[in-house]
2 protein chains.
Amino acid sequence: MTRLRVHSMSISLDGYAAGPRQSLDDPLGVGGERLHEWMFGEATTDPVDRELLDRGRDELGATIMGRHMFGPIRGPWGHDEWRGWWGDDPPFHHPVFVLTHHARAPIEMGGGTTFHFVTDGIHAAWERAAGAAGGLDVWLGGGASTVRQYVRADLVDELHLAIVPILLGDGERLFDDPDGTPTGFEVDLHLTTSAVTHVRLQRRR
Amino acid sequence: MTRLRVHSMSISLDGYAAGPRQSLDDPLGVGGERLHEWMFGEATTDPVDRELLDRGRDELGATIMGRHMFGPIRGPWGHDEWRGWWGDDPPFHHPVFVLTHHARAPIEMGGGTTFHFVTDGIHAAWERAAGAAGGLDVWLGGGASTVRQYVRADLVDELHLAIVPILLGDGERLFDDPDGTPTGFEVDLHLTTSAVTHVRLQRRR
């Protein structure tokens with residue numbers, strides 16, 4: 001059965017998944033790159049982190065992401081020039097469903113990635129992604145607000161967080177619901193590497 | 001030099017240091033006892049957790065706590081019957097400074113613990129506690145809002161968190177400043193036991 005998985009999502013000790021004021025110059029918000037240092041650079045990445053990163057990418061057949069993860073543009077798309085942060089050959093290699101309020105034609109990129117724009121909400125995006133995943137799982141890429149919406153709707157099957165031992169001080173929180181967070185998850189992986197603490201939660205069904 | 005230390009303070013993955021709606025029946029808020037299970041019971045506590053708990057209690061000469069950590073009573077003290085959650089022989093064995101808006105005479109308990117009530121703010125409490133600590137450190141006991149105030153005032157030298165791999169869903173957040181958190185800390189301990197992840201931060205001075 002196709003599952004919806006959050007994979008190695010970085011959060012700081014104070015709960016931020018991105019810095020404040022995302023822009024073209026700061027795709028992860030101001031200071032947000034500190035949350036992702038642990039996963040870049042083959043030479044510097046801890047082997048356990050590397051293995052967990054690689055393993056989490058297995059068996060993914062589609063991706064869902066929020067518009068802020070796709071790009072810094074807000075409101076209407078304008079001249080359709082923006083084609084994501086990732087260049088001509090994005091690292092997804094499968095269909096990617098971008099949540100937006102503004103319709104746009106699909107963009108076929110290199111390497112098997114096609115960006116589809118979904119304007120009718122998170123449930124519709126999940127159904128389309130699950131249908132396109134060919135029996136594999138769907139990666140819920142982010143950002144924080146998108147993950148939060150799916151957790152709240154109880155659609156997330158696996159939530160794998162990488163807690164970075166820093167205080168970011170400001171930014172976008174992963175858990176920020178005034179009404180609270182669904183809590184019916186069980187830990188099935190919990191370990192600390194030289195860089196981060198991995199906690200993987202499975203939804204009890 | 002006397003330092004102000006937060007010691008093994010439990011927080012959930014979603015950032016809560018206590019459950020919601022603290023009361024006489026729920027000293028840690030509803031569900032909050034789940035944050036503290038890892039430290040109770042000699043037989044069940046992981047030896048590494050036990051050692052870190054014991055080590056963190058060394059060389060403490062005084063304690064500061066917020067009024068909610070002292071008891072569930074709000075507003076004026078009434079008939080002064082409340083003498084803390086801990087019975088006749090509290091586990092502190094040194095002077096304890098309770099932050100409150102309502103003056104009250106000190107209470108001398110058994111085993112060397114005396115509760116002092118400080119009405120003139122966090123800086124005054126820190127100065128009195130540091131003076132009473134006899135050259136040892138001061139434990140900043142909690143709760144969340146008290147720790148947050150001291151972190152914001154840049155008075156905390158060491159911040160040792162125990163991240164419990166659960167989602168609590170609701171409660172009192174440790175990091176909850178709209179203006180952000182001071183970030184000038186460095187990690188000097190970061191490990192996961194069978195129960196929790198310890199992260200100890202030292203203030204850069």
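Trp86(A) has a relative accessibility of 25% and therefore counts as partly exposed, where buried means under 20% relative accessible area, exposed means over 50%, and partly exposed is in between, for a 1.4 Å probe and protein chains only. Phe92(A), by contrast, is buried, with a relative accessible area of 9%. This is a predicted model, in which local features need pLDDT of at least 70 and side-chain atom pairs count only at pLDDT 80 or more, while totals for chains, interfaces and linings use all residues. Residues are numbered from 1 along each chain as its sequence is written, chains are lettered from A and ligands numbered from 1 in the order in which they are written, and side-chain values use heavy atoms, with hydrogens and water left out.

Over all chains, the structure holds 19 aromatic pairs; rings of Phe, Tyr and Trp (its six-membered ring) pair if their centres lie within 6.5 Å, and planes under 30 degrees apart count as stacked, over 60 as edge-to-face and the rest as tilted. Two of the pairs share Phe92(A) and are set out here.

| Pair | Centre to centre | Angle between planes | Class |
|---|---|---|---|
| Trp86(A) and Phe92(A) | 5.0 Å | 80° | edge-to-face |
| Phe92(A) and Phe115(A) | 6.3 Å | 75° | edge-to-face |

Phe92(A) lies in the loop between helix 2 (67-70) and strand 4 (95-99) of chain A, and Phe115(A) in strand 6 (residues 114-118) of chain A, so their pair ties together parts that are 23 residues apart in sequence. Here helices (H or I, at least four residues) and strands (E, at least two) are DSSP runs, numbered from the N terminus.

Elsewhere in chain A, Arg203(A) lies over the face of Phe185(A), at 5.5 Å from the ring centre.

The sheet of chain A is open and has 9 strands in the order 5-6-4-3-7-1-8-11-10, with mixed pairing, two strands being paired if DSSP finds at least two bridges between them. Its edge strands are strand 5 (107-108) and strand 10 (185-192) of chain A, each of which pairs on one side only. Within the sheet, strand 3 (residues 60-66) and strand 7 (residues 137-142) of chain A run parallel and are joined by 5 bridges, and Met65(A) has Gly142(A) in strand 7 of chain A as its bridge partner. Helix 3 (residues 122-132) of chain A packs on this sheet, touching strand 1 (4-12), strand 3, strand 4, strand 6 and strand 7 of chain A, and its direction makes about 180° with that of strand 4 of chain A. Contact means heavy atoms within 4.5 Å, and axes are lines fitted to C-alpha atoms, for helices over the stretch in contact, with angles running from 0 to 180 degrees between N-to-C directions. Helix 4 of chain A also packs on the sheet, with a direction at about 130° to that of strand 7 of chain A. In helix 4 (residues 144-152) of chain A, the buried residues include Val147(A), Tyr150(A) and Val151(A), and just after this helix Asp154(A) takes a positive phi of about 60°.

Gln22(A) lies in the loop between strand 2 (16-18) and helix 1 (47-57) of chain A and is partly exposed, with a relative accessible area of 23%. Its C-alpha atom is separated by 6.8 Å from that of Pro72(A), 50 residues apart along the chain.

In chain B, strand 10 and strand 11 pair in the antiparallel sense over 7 bridges and form a hairpin with 4 residues between them; Phe185(B) stands opposite Arg203(B) in strand 11 of chain B.The contact between the chains takes 29 residues from chain A and 29 residues from chain B. Chain A and chain B bury about 2,100 Å² between them, 64% of it on carbon and sulfur atoms, buried area being the accessible area (1.4 Å probe) that two parts lose on being put together, summed over both. Leu13(A), Leu167(A) and His190(A) supply 28% of the area that chain A buries against chain B, more than any other three residues.

How values were computed:
A charge sits over a ring if NZ of Lys or CZ of Arg is within 6 Å of the ring centre and within 35 degrees of the ring normal.
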